[in-house]
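Me: Let's go through this one together. I'll ask as I go.

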Amino acid sequence: MMSIYLNKIRQQKPLIHNMTNFVVANYCANGLLALGASPFMSNNIEEVAEIQCISQALVINIGTITEQTLQAMRIAGIHANKMGMPVVLDPVGVGATTYRKNAVQQLLSEIKFAAIKGNIAELATIAGMKWQSKGVDAGIGEGNAITIAQNVAQHHHCIAIISGEIDTISNGTKVVTLHNGTKMFPNITGSGCLLGSVCAAFLAVSSPDDYFQAAIEACSTYAIAGENAAQQLSETQYGNFLTNLLNELASITPEQVKQRGKIYEM
């Protein structure tokens, strides 16, 4: 796989507005800085419309959603659409409560998302498939990642990204699976949320016609950085991995992504 967008991020330093949850805001901001992007963290309903005038992408992450942040997300997303910038939805735990389901349905009805990223349970819920999740964990259910990703991508006219041991990405027509990564990812809070922010950075420096390729490169870059971060660590050194991942996002090269990406078209 050719690596096109990583250097563009480092050259252009796109401003990524993160409406993310308070559990992971600091880590997402540091991860974007390490990658070469510029984070803007705000859920303030009084300013979110104005922020879209200076941003290059928006991330809506419902991890610690409240009614006030939901309304701020609606305003920000609608204004981002008017500005023509990519909006990424991370529907954290959408299947856990009725409120979250209804909130995501409202966001999907009012905002055009360039990409929807989540674990298989979250995207299965959006696709209307039965799935038994445990809070924000994937759980078990019917269907498979390829079918679910295609369903979400086709129905919402977006790039669907299912993160997991194997990542699955679809634009509704094409599907690829990515086989890089490390088992340490699920054991640090914020690894999935940071992936959503990283995807937004890659989309910010691409065009809508190239969002599929940009999403593939984003997920590959992130997964390979994770592999690098886990090297020489014991399987319980999660704190070291957390720090190493930031270091590896800063140092990973397009050549590494090109040479080591395990990408399969389905």
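Me: Which way do H4 and H5 cross, left-handed or right-handed?
Reply: Right-handed, with H4 passing H5. A right-handed crossing has the near helix turned clockwise from the far one by less than a right angle. Bear in mind that this is a predicted model, where local features need pLDDT of at least 70, side-chain atom pairs count only at pLDDT 80 or more, and totals for chains, interfaces and linings use all residues. Numbering starts from 1 along each chain as its sequence is written, and side-chain values use heavy atoms, leaving out hydrogens and water.

Me: Where do H4 and H5 run, and at what angle do they cross?
Reply: H4 covers residues 67-83 and H5 covers residues 98-110. Their axes (lines fitted to C-alpha atoms over the stretch in contact) come within 10 Å and cross at roughly 20 degrees. H4 and H5 are therefore roughly parallel to each other (angles under 35 degrees). Helices here are DSSP runs of H or I, at least four residues long.

Me: Which residues of H4 and H5 meet?
Reply: From H4, Glu67, Leu70, Met73, Arg74, Ile78 and Asn81 meet Tyr99, Ala103, Gln106, Leu107 and Glu110 of H5. Contact means heavy atoms within 4.5 Å. By class, the contact of H4 with H5 has six nonpolar, two polar and three charged residues. Tyr and Cys count as nonpolar and Gly as polar.

Me: Now the other end. How do the axes of H8 and H9 cross?
Reply: At roughly 140 degrees, with the axes of H8 (residues 191-204) and H9 (residues 211-230) coming within 9 Å. The crossing of H8 and H9 is right-handed.

Me: What makes the contact there?
Reply: H8 gives Ser191, Leu194, Leu195, Val198, Cys199, Phe202 and Leu203, and H9 gives Tyr211, Ala214, Ala215, Glu217, Ala218, Cys219, Thr221 and Tyr222. The contact of H8 with H9 divides into twelve nonpolar, two polar and one charged.

Me: And H2 with H10, what is the angle?
Reply: Roughly 30 degrees, and the axes of H2 (residues 25-35) and H10 (residues 238-251) come within 7 Å. H2 and H10 are therefore roughly parallel to each other, and their crossing is right-handed.

Me: Which residues in H2 meet H10?
Reply: Tyr27, Asn30, Gly31, Ala34 and Leu35 in H2, facing Leu242, Leu245, Leu246, Leu249 and Ala250 in H10. The contact of H2 with H10 has eight nonpolar, two polar and no charged residues.

Me: Different topic. Where does UniProt place the feature "binding site"?
Reply: An unreviewed UniProt entry places it at Lys117 and Ser163.

Me: Which strands hold Lys117 and Met41?
Reply: Lys117 is in strand S5 (residues 115-118), and Met41 is in strand S2 (residues 38-41). A strand is a DSSP run of E, at least two residues.

How values were computed. Axes fitted to C-alpha atoms, helices over the stretch in contact; angles between N-to-C directions. Parallel < 35°, antiparallel > 145°, perpendicular 65-115°, else oblique. UniProt positions renumbered as here; feature names shortened; annotations may be inferred.
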